[in-house]
Amino acid sequence: MVLDKEVFKEELKQRLRENYAMELEDASEHEIFYALGALVKARYSDAWRDTWKYYVDKHKKQVYYFSIEFLPGRMLKSNLLNLGLLDTAREALTDLGIDLDSLAEVEKDMALGNGGLGRLASCFMDSIASCGLPGNGNGIRYDYGLFKQRFVDGYQVELPDEWLQSGNIWEIRRESKAVDVRVGGHVYLAEAMEGKLKPVYENERILRAVPYDTGMVGYENNVVNTLRLWSVEIPDSEEDKYQSIQGRRELEDLTAVLYPDDSNEHGRLIRLTQEYFFVSAGIQSIIRHYKKRVQKPISNLSEYISIHINDTHPALCVPEMMRILVDEEDLSWEQAWDITGKVMSYTNHTIMAEALEKWSIDLMKRTLPRMYQIIEEIDARYVQTMRELHPHDLVERTRIIRNGQVHMAHLSIIGSHSTNGVAKLHSDLLKSVVLHDFYIIYPDRFNNKTNGIAQRRWSQIVNEPMSSVLDETIGKTWRKDPGDLKLLMNYQSDQAVLDKLAEAKKINKQVLADYILETTEIEVSTDAIFDVQIKRLHAYKRQLLNLLHIIKLYQDLKENPDLDMQKRVFIFGAKAAPSYHYAKVIIKCINEAANLINNDSDIKDRIKIVFLPNYNVSLAEKIIPAADVSEQISLASKEASGTSNMKLMLNGAITLATLDGANVEIRDAVGDDNIYIFGLTEKEVYEYYENQEYSAQQLYDENPIIRRVLNAFIDGTIPNIVYEGREIFDSLIKYNDEYFLLRDFDSYVKAQEEIGKAYGDQSFWQKMSLINIANGGRFSSDETVRRYAEDIWKIEPKDSFVTEKG
Ligand code: GL4
C-alpha cells in the first residue's frame with residue numbers, strides 16, 4: 001500500500017480531532033495510539049470486506065481454525081508491516097516528534113493463550129492470511145488474559161490481566177451475528193413429523209454468544225481474514241431469569257478468564273461449558289453463513305468448509321456438527337457422519353499423559369445433555385463397526401467412553417479424517433507409542449506437520465538491526481520469501497558480514513541490558529554470553545537442570561576464583577500455572593540463587609542470573625534478538641515441538657539442546673557443527689522406562705559434583721529456601737528424578753563448556769550464528785500452513801486480486 005507521509009500525518013491529526021476533539025500537541029500517547037490504530041484499521045477495512053466478498057463470490061473453500069487459545073501479542077507494528085506502511089508510519093511520526101516504538105508499547109499485549117500452543121495459532125493466522133489462504137480463527141474473547149506475573153520475595157504472584165480496560169482498537173463487535181447456545185437442563189427424544197425422533201429441551205439455559213471480529217492482515221497481498229472471538233451475554237429472552245447480580249455474574253464469568261494451564265488438564269465445569277460455548281457458536285455461524293451465502297445443499301458442506309480442531313479443547317466440534325446436521329438439517333445419521341468426518345481434522349500438541357483431556361460422564365451429561373447423547377451414539381456405532389475388524393481389547397482401549405469418562409482425543413481422532421503431530425519425532429511417537437492403538441485402526445489418518453513461526457514478526461519486526469544487515473548483504477527478497485535467507489550461506493567466511501551481524505547482536509544486547517537494568521536493577525555486561533531459556537515453567541522442560549549447572553559454575557568459581565571462563569548472563573522468562581506447586585518452587589529457587597550469585601563479590605560479575613517477570617509475547621520480542629544461546633533442554637520425547645527454538649535460531653542464537661521435538665529438525669537444518677546436542681535420546685529414555693534401572697541415588701552417590709550441587713539446596717548455601725530446597729532435593733533423590741536431570745547433567749555441563757570455548761573464538765561463533773540465521777527460513781509458518789492447506793484442509797490460495805484502494 002502506498003501512502004504519502006504527509007497524507008499520513010494529516011490523517012492522524014484528523015482522527016485525533018474526530019475521535020478526541022483534540023489537536024496533536026495536546027494529545028497523550030494513549031490518544032495518539034488509538035487514533036493511529038483507527039487509521040490503520042480504516043486502511044484495511046476495504047480489503048477486509050473485499051476478501052470476504054471474494055471468498056463468497058468465488059465459492060472458495062474456507063478453513064475455520066478452532067482454538068481455545070490465541071496469543072497475538074501486540075498488533076500495531078505487525079499490521080503496519082503487512083500493509084507496507086511501517087516505514088511511512090515511522091517517518092511520519094518522527095516528523096511529528098513521536099517515537100513509533102514507544103507508542104507501540106501503549107498497546108496491551110493480547111494474551112489469550114498460555115504459551116506455545118496459543119502462539120502457534122496466532123502465527124498460523126498471520127501466515128494463512130499472508131499466503132492468501134481462505135481461513136479464519138474461532139475462539140473465546142476472554143475478559144482477562146493470562147495472569148500478570150510479579151515476584152515478591154522470589155515467589156510468583158499472579159495479578160489479573162485487564163487487557164480490555166481501555167478498549168481494543170482492533171476488534172469489531174458484530175451484534176447482528178450473535179447466536180444462542182443451549183446448555184444444561186434435560187433433553188429427551190420425542191416423536192416428531194414422519195415418525196422421526198427429535199430432541200426436546202427442558203429447563204436449559206440459553207447463552208447469547210456475541211462475536212468480536214479482528215482483521216488478520218496478510219503480508220502485502222490485500223488479503224484480510226477474520227479472527228472471530230466469542231463473548232457471552234444474557235439474551236433478552238432470559239433477562240427475567242437473571243435478576244440477581246450473582247446469577248448474572250455466574251453467567252458472565254463463562255468467558256471471563258483463560259484457564260492458566262499449559263500441558264495440564266483441569267477438568268472443571270466452567271471449562272467444559274467454555275469449550276462447548278465457542279464450538280457451538282462457531283459452528284452455528286459457519287452453517288448460517290453457508291446456507292445464506294454459499295447457498296449449496298447441506299450435503300455438499302465438506303466441499304466448502306473445513307474445520308480444524310486445535311488440540312482437544314474444541315473436540316465437541318464433532319458432536320455439535322452432528323447435532324446440527326441431524327437435529328436441525330434433518331440429515332440421516334450416516335450422511336451426517338460422513339460429512340462431519342470429511343470436514344474435521346485434528347492436531348495433537350502433547351504426549352504428556354496428564355494433558356489428555358477427559359471429562360466424567362456425569363459432568364458431561366449434566367452440562368451438555370444433548371452432546372452426551374450424541375457422543376454415546378458415536379461411541380456405540382464405533383464399537384459396533386470396529387468389533388468386526390479388530391480385537392476386542394483394541395476396540396475397548398480406543399472407544400470414546402471408557403471407565404466413566406469421555407476421552408476427548410479419541411473423539412477427535414474418530415470424528416475426523418486427519419490427526420497430525422507437530423514435529424517429526426512427535427508424530428512418530430504418536431504412531432509408535434501414544435496413539436499407537438489408533439494408528440493400527442486408522443493408519444492413513446496420521447501425518448506430521450512440523451510447527452513454524454511467523455517469520456516477519458520474529459525477524460523483521462523484532463530485529464531491525466539484523467534485518468538491515470540482511471538487506472545489505474542478500475537483498476530484500478528474504479522478507480517475503482524466508483527461504484532466501486539461504487543466500488546468506490555464501491557469506492559464512494566473509495568477515496565484514498560476520499562483523500556487521502555481530503554488531504547488530506551487540507545493539508540488541510544493549511537494548512535488553514537496558515531493559516534488565518530498568519526492570520530488575522541488575523547490571524549485565526553485553527560482553528557476556530546471553531544464555532536464554534524462555535518458556536512455560538514445567539518440570540519436563542527442565543529449567544532446574546539449567547539452575548543445577550549455574551550452581552556448579554558458582555561453586556567452581558568460589559573454589560577457584562581465577563578460573564578461566566566466559567562471562568555469562570543466564571536469562572529466564574517463565575510463568576508457572578498458579579496451581580502447579582513444584583513449578584513455583586523452582587521459580588523461588590532460581591530467584592534466590594540469583595540473589596545469592598548476583599550479589600556475591602567473589603563472582604565479580606562473571607555469572608549473573610536474570611529472571612525477567614511476566615514473560616509474554618512482547619517480552620519475548622525483546623529477549624530473542626539479544627540471545628546468544630538458546631536453551632532447549634527438555635527430556636527427549638517430552639516436548640512435542642517447541643517454537644521458541646525456531647525464533648531464537650532465526651535471530652542467530654546457537655541452540656543447546658536435547659534431541660527432542662523440533663530440535664531434531666533444527667540440527668538437520670544447521671548440521672551437527674552448528675548446534676550443541678547433549679543428553680539421552682528418546683530411545684534411551686524409553687529403555688529406562690522399560691528396564692526400570694534408573695537410580696538417581698546412585699548418580700548422587702557416585703558423582704561428587706552432582707552431590708555438591710544438590711547439597712547446596714539443603715545445606716544453606718542458597719539462603720531463604722529451607723522448604724523449597726528440600727522439595728527440590730527430594731524430587732531428585734527420594735522420588736528418583738522423574739525427568740532424568742541427573743543422568744543428563746554431565747553431558748549438559750560438557751556441552752556448556754564447549755559453548756564457552758566456542759564463544760571465545762569470536763569469528764568461529766559468528767559463523768555458527770550466521771549459519772543458524774541462514775537456515776531459519778525452513779521453519780516459516782507460511783510453509784507449515786501451506787502443507788496443512790494442501791494435505792489436510794484442501795483449500796487453495798486466492799488468485800491475486802486488487803482492491804479499490806490497493
Ligand atoms: C504445546 C507443546 O508443549 C509445544 O512443544 C508445542 O510447540 C506447542 C505448539 O504445537 O504445543 N502443547 C501444549 S499443551 N502447549 C504447548 O505449547
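1. **Ground rules.** Residues are numbered from 1 along each chain as its sequence is written, and side-chain values use heavy atoms, with hydrogens and water left out. Because this is a predicted model, local features need pLDDT of at least 70 and side-chain atom pairs count only at pLDDT 80 or more, while totals for chains, interfaces and linings use all residues.

2. **Two domains.** The chain is divided into domain 1 (59-74 + 109-356) and domain 2 (520-752), with bounds that come from an automatic or database domain assignment. Their C-alpha centres lie 37 Å apart. Even so, 30 residues of domain 1 are in contact with 30 residues of domain 2; contact here means heavy atoms within 4.5 Å.

3. **Where is the ligand?** Domain 1 and domain 2 both give residues to the shell around the ligand, so it lies between them. There are 13 residues around the ligand, and D262, H349, N451, E639 and G642 come nearest. To be near, a residue needs one of its heavy atoms within 4 Å of the molecule. Sorted by class, the shell has five nonpolar, six polar and two charged residues. For that count, Ala, Val, Leu, Ile, Met, Phe, Trp, Tyr, Cys and Pro are nonpolar, Asp, Glu, Lys and Arg are charged, and the others, Gly among them, are polar.

4. The protein covers 94% of the 390 Å² of accessible area that the ligand has on its own. Accessible areas come from the Shrake-Rupley method with a 1.4 Å probe, and for residues only the protein chains shown count as cover.

5. **A423, buried or exposed?** A423 counts as buried, because its relative accessibility is 0%; buried means under 20% relative accessible area, exposed over 50%, and partly exposed in between (1.4 Å probe, protein chains only). You'll find A423 in the loop between β18 (419-421) and α16 (424-434). Helices (H or I, at least four residues) and strands (E, at least two) are DSSP runs, numbered from the N terminus. Although A423 and G661 are 238 residues apart along the chain, their C-alpha atoms are separated by 5.8 Å. Leaving out residues up to four places away in sequence, A423 touches N448, K449, T450, A640, S641, G661, A662 and E665.

6. **Two positive phi values.** Most residues other than glycine have a negative phi. E220 has a positive one, near 45 degrees, and sits in the loop between β11 (205-217) and β12 (224-233). F740 also has a positive phi, near 55 degrees, in the loop between α29 (722-732) and α30 (741-760). E220 is partly exposed at 46% relative accessible area, whereas F740 counts as buried at 5%.

7. Q766 belongs to helix α31 (residues 762-774) and is buried, at 10% relative accessibility. Not counting residues up to four places away in sequence, Q766 touches Q495, L498, D499 and A502. I677 belongs to strand β25 (residues 676-677) and is partly exposed, at 31%.
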